[in-house]
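Keep the viewer open while you read.

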Amino acid sequence: MIVDNVKRLRREIPDYVTIVAASKTRTASEILELLDSGLRDVGENYVQEAQEKFEVIGSKARWHCIGHLQRNKVKKAVEIFDLIQTVDSLKLAEEIDKRCAFINRRMPIMIEVNSGREEKKAGVFPENVFELIESISSLENISVVGLMTMGPLTDDQEEIRPYLRLTRELFEEISMQKIERVQMRYLSMGMSGSYKVAIEEGSNMVRLGTIIFGERQ
């Protein structure tokens, strides 16, 4: 079923769009089945859960951190993840930089944009993104490779469009700035219920869970 779902999505989603399989609460065996489809990018929300699956799967997958990352989990996170999509503060970035220095690696990160300016959500407000990126750009063990957003939760895809568009405009503006250690490669927008409108608005990375794995048991 998983392989068939990926094949169907691949026929529908342009080749330039990276599909990240959002695998929160899914088993290692489900992820191994996913890898049979040729899809390699796997997104995890929690470090502990990612670690358990990483011990089984290892580098067969390309691991994305797509959930809020606490600073006390960074030491383990930088050993597991290939890309951290959810950086939203200088303190978090500094901790990633410090932990990466210990293991001699540079971590690609994305800035999580709170495009709906929702007080209880993670992410940096749009008007503060430039300042944060400029602060982070001096950190030697990090490279900023894009922006990520969720937008407000809604059943109507059209309602989310303005927030996605705002994030894309930020992405384009930052791309033009030519900031050192900042290369805007990925615009991660869109989940199972919103990926179509996200791609229309310029997303080149989507985070899909239910539509790949089916409903959670």
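## Before you start

Keep in mind that this is a predicted model. Every number below is computed from that prediction.

## Around Y195

Start with Y195, which sits in helix α8, the stretch covering residues 195-200. Is Y195 buried or exposed? Its relative accessibility comes out at 4%, so Y195 counts as buried, the cut-off for that class being under 20%.

Leaving aside residues up to four places away in sequence, Y195 touches L9, E12, I13, G190, V206, L208 and I211. With E12 there is also a polar contact: the two side chains are joined at 2.6 Å.

## L9, a partner of Y195

L9 is one of the residues touched by Y195, and it belongs to helix α1, residues 2-12. L9 is buried, because its relative accessible area is 0% and anything under 20% falls in that class.

Which residues does L9 touch, once those up to four places away in sequence are set aside? The list is I19, Y195, L208, I211 and I212. L208 and I211 turn up in the contacts of Y195 too. For another distance, pick L9 and E172: they are 163 residues apart along the chain, and their C-alpha atoms are separated by 27 Å.

## Helices α6 and α7

Now move to helix α6 (residues 129-136) and helix α7 (residues 157-177), which pack with their axes 11 Å apart and at an angle of about 40 degrees.

On the α6 side the meeting residues are V129, F130 and I133, and on the α7 side they are L170, E173, I174 and Q177. Sorted by class, the residues of this contact come to five nonpolar, one polar and one charged.

## Helices α2 and α3

The second pair is α2 and helix α3 (residues 47-57). Their axes are 10 Å apart, and the packing angle is about 55 degrees. How does that leave α2 relative to α3? The answer is oblique. As for handedness, the crossing of α2 and α3 is right-handed.

From α2, residues A28, I31, L32 and L35 meet K53, V56 and I57 from α3. By class, that contact holds six nonpolar residues, no polar ones and one charged.

## Two loop residues with positive phi

Finally, look at the backbone. T25 is not a glycine, yet its phi is positive, at about 70 degrees. Where does T25 sit? You'll find T25 in the loop between β1 (18-22) and α2 (28-35).

R117 is another residue other than glycine with a positive phi, here near 50 degrees. R117 is placed in the loop between β5 (107-113) and α6. With a relative accessible area of 40%, R117 is partly exposed, because that class lies between the 20% and 50% limits.

Definitions and conventions. Residues are numbered from 1 along each chain as its sequence is written. This is a predicted model: local features need pLDDT of at least 70, side-chain atom pairs count only at pLDDT 80 or more; totals for chains, interfaces and linings use all residues. Side-chain values use heavy atoms; hydrogens and water are left out. Helices (H or I, at least four residues) and strands (E, at least two) are DSSP runs, numbered from the N terminus. Buried means under 20% relative accessible area, exposed over 50%, partly exposed in between (1.4 Å probe, protein chains only). Contact means heavy atoms within 4.5 Å. A polar contact is a pair of N or O atoms within 3.5 Å; within protein, one must be able to donate a hydrogen and the other to accept it, and residues adjacent in sequence count only if both atoms are side-chain atoms. Axes are lines fitted to C-alpha atoms, for helices over the stretch in contact, and angles run from 0 to 180 degrees between N-to-C directions. Ala, Val, Leu, Ile, Met, Phe, Trp, Tyr, Cys and Pro count as nonpolar, Asp, Glu, Lys and Arg as charged, and the others, Gly among them, as polar. Angles under 35 degrees count as roughly parallel, over 145 as roughly antiparallel, 65 to 115 as roughly perpendicular and the rest as oblique. A crossing is left-handed if the near helix is turned anticlockwise from the far one by less than a right angle, and right-handed if clockwise.
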